[in-house]
Amino acid sequence: MNQVLKIALPGYNAETDTDPDHFSLYVDGTIDNILIKEFLRGSGTVSDGNNATITHNLGYIPFYLVYCEVGSNLWRICSAFDPIVVGWRSYITNTSLIIQNRFSDTYNHYKYYIFYDNLT
């Protein structure tokens, strides 16, 4: 017998609903459901001294991750303000993710993930 634990989001019935997207926690013993919900992902390039702006329009500050290229096949998480004058920086507002390249024209690629989780 499988152990089941379900916590439904407001407006959904945990006893009858079977869509994992309608739950904050959904464990049924057969499927491994990820608790964090991804909203948007992508990648791009931005030249040194410039910004990339990704619009999300969620209306709140969501959890996000940004990875930036810092060498050949070498990536670094840059989901925060880098206090060093030279480097990658990122921040998020109620409507947009801003990624700043203060690192290099050669290594100018980034990858981002925006999640539904409200950080405020």
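Colleague: Where does D105 lie in this model?

Modeller: The model is a predicted one, and D105 lies in the loop between β8 and β9.

Colleague: What makes S47 and D48 contacts of D105?

Modeller: Contact requires heavy atoms within 4.5 Å. With neighbours within four places in sequence set aside, D105 is in contact with S47 and D48. N50 can be described by its separation from D105: the two C-alpha atoms are 10.0 Å apart in space, and the residues are 55 apart in sequence.

Colleague: Which strands form the open sheet that contains β8, and in what order?

Modeller: The sheet has 3 strands in the order β4-β8-β7, and the pairing is antiparallel. From one strand to the next, the twist averages 15 degrees.

Colleague: Why are β4 and β7 said to stand at the edges?

Modeller: Each of β4 (50-55) and β7 has a single partner strand, so one side of each is left without a neighbour in the sheet.

Colleague: How do you know that β7 and β8 pair?

Modeller: Pairing of two strands calls for at least two bridges. β7 and β8 have 6 bridges, in the antiparallel sense, and therefore meet that requirement. As a particular position, I92 stands opposite L97 in β8.

Colleague: Why does S96 count as buried?

Modeller: Buried means under 20% relative accessible area. The value for S96 is 11%, so S96 counts as buried. This residue lies in strand β8 (residues 96-102).

Colleague: What does S96 touch, not counting residues up to four places away in sequence?

Modeller: S96 touches T53, I54, T55, H56 and Y91. For T55, 41 residues from S96 along the chain, the C-alpha atoms of the two residues are separated by 4.3 Å.

Colleague: What is the order of the open sheet of 4 strands?

Modeller: That order is β3-β9-β5-β6, with antiparallel pairing. The edge strands are β3 (38-45) and β6 (74-77), since each pairs on one side only. The twist in this sheet averages 20 degrees from one strand to the next.

Colleague: How do you know that β3 and β9 pair, and that β5 and β6 do?

Modeller: The requirement is at least two bridges. β3 and strand β9 (residues 109-118) have 7 bridges in the antiparallel sense, while 4 bridges join strand β5 (residues 62-71) to β6, again antiparallel. R41 stands opposite Y113 in β9, and Y67 has I77 in β6 as its bridge partner.

Colleague: How many residues stand between β5 and β6 in their hairpin?

Modeller: There are 2 residues between these strands, and N73 in the turn has a positive phi of about 60 degrees.

Colleague: What makes C68 and C78 a disulfide?

Modeller: The sulfur atoms must lie within 2.5 Å. The S to S distance between C68 and C78 is 2.1 Å, and the pair therefore qualifies. The structure holds 1 disulfide. C68 is in strand β5 and C78 is in the loop between β6 and β7 (87-92), 10 residues apart. Both cysteines are buried.

Colleague: Why is the disulfide of C68 and C78 called right-handed?

Modeller: The torsion about its S-S bond is about 60 degrees, so the disulfide is right-handed.

Colleague: Why are Y67 and Y113 called an edge-to-face aromatic pair?

Modeller: Ring centres must lie within 6.5 Å, and planes over 60 degrees apart count as edge-to-face. For Y67 and Y113 the values are 6.3 Å centre to centre and 80 degrees between the planes, and the pair therefore meets both conditions. Y67 in strand β5 and Y113 in strand β9 are 46 residues apart. By this rule the count comes to 4 aromatic pairs.

Colleague: How do you know that the charged end of K111 sits over the ring of W75?

Modeller: One condition is that NZ of Lys is within 6 Å of the ring centre, and another is that it is within 35 degrees of the ring normal. The charged end of K111 is 4.7 Å from the centre of the W75 ring, and it is listed as sitting over that ring.

Key:
Residues numbered from 1 in each chain as written. Predicted model: local features only at pLDDT ≥ 70, side-chain atom pairs only at ≥ 80, totals over all residues. Heavy atoms only, no water. Axes fitted to C-alpha atoms, helices over the stretch in contact; angles between N-to-C directions. Buried < 20%, exposed > 50% of the residue type's maximum accessible area, 1.4 Å probe, protein only. Phe/Tyr/Trp six-rings, centres within 6.5 Å; stacked < 30°, edge-to-face > 60°.
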